[in-house]
Amino acid sequence: MKNLNIKLLCLVCIMTGNALAQTAGLHIASFNVRYANNSDVRAGNAWKDRCPEIVSLIRLYDMDVIGTQEGLESQINDLQNALSDYAYIGVGRGDGIAADEFAAIFYKTERFRLLRSDNFWLSTTPNKPSKSWDAALNRICTWGEFEEKDSGFRFFVFNLHFDHAGETARQNSAELVVNTIQRIAKNAPVVLTGDFNADQSSKSYQIITASDLLQDVFEIAPTVYAPNGTFNSFSLTHTSKQRIDHIFVSKHFSAVNYGVLTNIYWKDQTPRFPSDHFPILTDLHYKMPFILPADNAKVYTSNRPEKAKRLFVSQAVEEKIAAVKKVLTHAKLAWMFENCFPNTLDTTVEYKPINGEDDTFVITGDIHAMWLRDSGAQVYPYVPLAKHDEALKKMLRGVILRQLKCILIDPYANAFNYEATGSEWQSDRTKMKPELHERKWEIDSLCYVIRLAYYYWQQTGDASVFGKDWENAIRLILKTFKEQQKKNGWGPYTFARKTDRQFDTMSNDGKGNPVKPVGLIASAFRPSDDATIYQFLVPSNFFAVSSLRKSAEILTKVNHRDDLAQQCSALADEVYDALQQYATYNHPKYGTIYAYEVDGFGNRLLSDDSNVPSLLAMAYLGDVAINDPIYQNTRRFVWSEDNPYFFKGKAGEGIGGPHIGFDMIWHMSIMMKAFTAQDDDEIKACMQMLIDTDADTGFMHESFHKDNPAKFTRKWFAWQNTLFGELVIKLVDEGKTDLLNSLR
């Protein structure tokens with residue numbers, strides 16, 4: 001009969017293992033591993049024999065999260081060493097460090113990200129090692145908040161070990177645990193595992209199940225494998241219906257099945273159990289979409305592509321997302337940040353080394369071409385993380401090297417193809433090449449390349465991008481800037497397009513409106529890809545000054561090319577002096593301000609456009625000091641109805657431009673206002689507006705209608721998304737987390 005019982009148990013184990021291992025979901029286990037002691041050694045149940053079997057069980061059933069009980073520090077270390085793809089949280093109950101037993105939680109690090117964790121004691125003084133009531137020993141509960149990396153699903157796991165002697169202690173511990181879960185997890189998904197030293201008929205069990213917070217998986221699972229109770233005392237013949245080990249879950253979960261795992265192993269031709277408790281296992285499915293704790297009225301699900309479909313994955317970026325989300329309690333903001341910040345990497349980066357050299361092509365989003373401006377701005381916020389992530393560093397290096405090669409193809413072009421395939425703009429009346437997607441001359445295109453390369457060098461110390469292509473590109477940039485000063489006639493660049501859009505082509509047979517050569521650089525087009533009216537575009541000229549000075553620093557310190565550096569510095573000084581003389585206007589209402597465009601003849605355009613560089617964004621780019629009085633006057637002007645392209649409506653307010661037309665506000669302008677704000681109320685108003693005008697997509701857009709955010713342009717515009725993430729990180733880093741969490 002004894003042998004028959006063993007065979008039946010083995011059959012149940014096989015059935016349990018197959019059924020549980022084949023289902024999908026979260027495989028959650030509770031496992032009292034039995035503390036290591038000499039009496040067990042004498043009885044043939046030594047830890048050194050049991051540990052490998054426990055590890056094998058964990059592997060066999062592919063357990064995702066395991067709440068363990070009774071493990072001493074040495075046992076926990078043994079498990080950790082054998083389970084290198086898991087990590088654990090927990091402390092010794094004796095001193096809060098390593099003394100006595102742990103209630104450790106093990107979890108798969110590849111699948112889950114730990115957001116936060118802590119412990120509390122089951123006593124009247126839960127914040128320190130202690131016991132209370134009629135408890136015989138200190139007892140502890142360990143908890144962690146986890147995030148499933150692929151889905152973004154967040155949930156809590158609490159794991160405990162109730163006292164074995166004190167009935168009052170168990171009941172009071174049950175009430176303490178329920179109250180603590182409600183306080184910490186609020187309405188988030190929760191799993192509670194543990195050795196409760198109390199079966200399903202006990203008062204402490206009933207306190208937990210009557211709380212309307214947690215359900216026993218045994219009771220809700222449609223399929224239950226329970227050939228025995230959960231305590232076996234190392235006896236193969238021990239039978240019981242008492243379950244003293246439990247897994248409870250909140251109503252966010254459904255249970256596919258539940259199993260008491262009665263597996264045995266053989267030692268010296270004798271069957272044995274890995275512990276004096278049977279582990280219990282459940283396959284949980286969570287109910288997505290789920291409600292985040294900070295916003296019980298709105299459901300949010302991650303809008304990121306599945307992990308396998310993301311174009312580029314950076315561990316440093318993922319860790320940054322987790323760190324920021326950890327401090328954000330505003331549910332929608334956290335959701336939008338997670339959607340937006342990695343959007344460039346998730347959807348637009350194509351990193352494919354060529355002949356062993358880094359090469360990265362970055363599209364804008366819904367247009368499959370690489371703009372020098374957009375690509376430089378899209379990856380810029382990731383640069384500080386590159387020193388912690390070699391793969392990210394190589395990807396960024398590839399962007400810079402690709403951009404330099406683009407400049408060498410044509411310094412007048414703004415957008416490029418991956419290969420020489422041509423584009424729909426091949427018929428434009430300008431010197432098109434098959435490598436070009438578009439050939440609109442914009443000063444800022446060249447400046448963004450320098451800005452990215454300089455910042456990359458500052459943050460990583462890697463000067464390898466400043467090779468032959470860099471020096472040749474600088475020569476071309478100097479040549480192009482000087483040609484566009486128009487000192488020797490119109491220069492080689494003209495552009496005309498057959499179009500019904502006034503700002504999509506240049507007047508005067510592709511030359512544009514006349515300018516007087518006063519030292520400023522002409523830009524045929526604005527950053528919005530709209531033609532300038534007066535070609536001396538002021539914010540782009542400021543950008544050229546700062547970019548030339550960055551170039552001079554690199555050429556001096558890295559390339560030791562004082563000749564080229566001097567040319568850059570001299571041109572920067574010339575343009576800067578011309579800006580001081582020609583770019584300002586004494587406004588009757590705002591005082592001295594910067595004009596948006598001038599022509600050197602005395603004509604000026606008092607306005608601002610939404611795309612960067614803009615007058616508003618000059619302090620963000622570092623082209624002027626934020627407290628420069630002329631800039632501050634200008635800032636007040638452009639964010640007012642005296643700016644012809646400032647719009648204000650029911651949904652929000654901000655700056656647009658002729659690229660999209662009247663009443664369309666660009667999200668970028670609101671972000672630039674927040675980036676350059678020094679007043680918390682102003683920052684808060686901008687952030688609230690950004691949150692309220694996403695049209696419930698979780699993303700930023702090119703523009704939205706002033707009265708209706710659902711009317712927007714460009715559903716997929718990676719620069720705007722990553723820029724939003726950059727803004728949130730800046731505010732968190734500046735200690736404005738409370739401001740962000742106070743948003744509606």
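Two strands are said to pair if DSSP finds at least two bridges between them, and the strands themselves (E, at least two residues), like the helices (H or I, at least four), are DSSP runs numbered from the N terminus. The structure described here is a predicted model, in which local features need pLDDT of at least 70 and side-chain atom pairs count only at pLDDT 80 or more, while totals for chains, interfaces and linings use all residues. Residues are numbered from 1 along each chain as its sequence is written, and side-chain values use heavy atoms, with hydrogens and water left out.

With S6, by contrast, S7 pairs in the antiparallel sense, over 7 bridges, and here Arg154 of S7 stands opposite Glu147. The hairpin of S6 and S7 has 5 residues between the strands, and in it Gly152 takes a positive phi near 80°.

In a regular strand the side chains alternate between the two faces of the sheet. How many residues of S7 are buried? The strand is mostly covered, with 8 of its 8 residues buried, where buried means under 20% relative accessible area, exposed means over 50%, and partly exposed lies in between (1.4 Å probe, protein chains only).

Charged residues form the next part of the picture. Side chains of opposite charge can pair when their charged atoms come close. The structure holds 64 salt bridges, each being a side-chain nitrogen of Lys or Arg within 4 Å of a carboxyl oxygen of Asp or Glu. In one of them the side chains of Arg139 and Asp163 meet at 3.3 Å, N to O.

Another salt bridge is formed by Glu574 and Lys487, whose closest N and O atoms are 2.4 Å apart. Because Glu574 lies in helix H17 (residues 562-582) and Lys487 in the loop between helix H14 (468-483) and helix H15 (507-510), the pair ties together parts that are 87 residues apart in sequence. Glu574 is partly exposed, with a relative accessible area of 29%, and Lys487 is also partly exposed, at 45%.

In a further salt bridge, the closest N and O atoms of Asp530 and Arg501 are 3.6 Å apart. Asp530 lies in the loop between H15 and strand S23 (536-537) and Arg501 in the loop between H14 and H15, so this pair ties together parts that are 29 residues apart in sequence. Asp530 is buried, with a relative accessible area of 0%, whereas Arg501 is partly exposed, at 28%. Salt bridges that share partners also join Arg113, Glu147, Arg154, Arg304, Glu318, Lys325, Glu338 and Asp346 into one network.

Elsewhere in the chain, 3 strands form an open sheet in the order S20-S21-S22, with antiparallel pairing. Strand S20 (370-371) and strand S22 (436-438) stand at the edges, each with a single partner strand, so one side of each is left without a neighbour in the sheet. S20 is joined by 2 bridges to strand S21 (residues 415-416), and the bridge partner of Met370 in S21 is Phe416.

Some details of the backbone also deserve attention. Asn197, in the loop between strand S8 (190-195) and helix H6 (203-209), has a positive phi of about 50° although it is not a glycine, and at 23% relative accessibility Asn197 counts as partly exposed. Asp268, in the loop between strand S13 (265-267) and strand S14 (270-272), likewise has a positive phi, of about 55°, without being a glycine, and at 64% relative accessibility Asp268 counts as exposed. A cis peptide bond, with omega about 15°, joins Val612 and Pro613, and Pro613 lies in the loop between strand S27 (604-605) and helix H18 (618-621).
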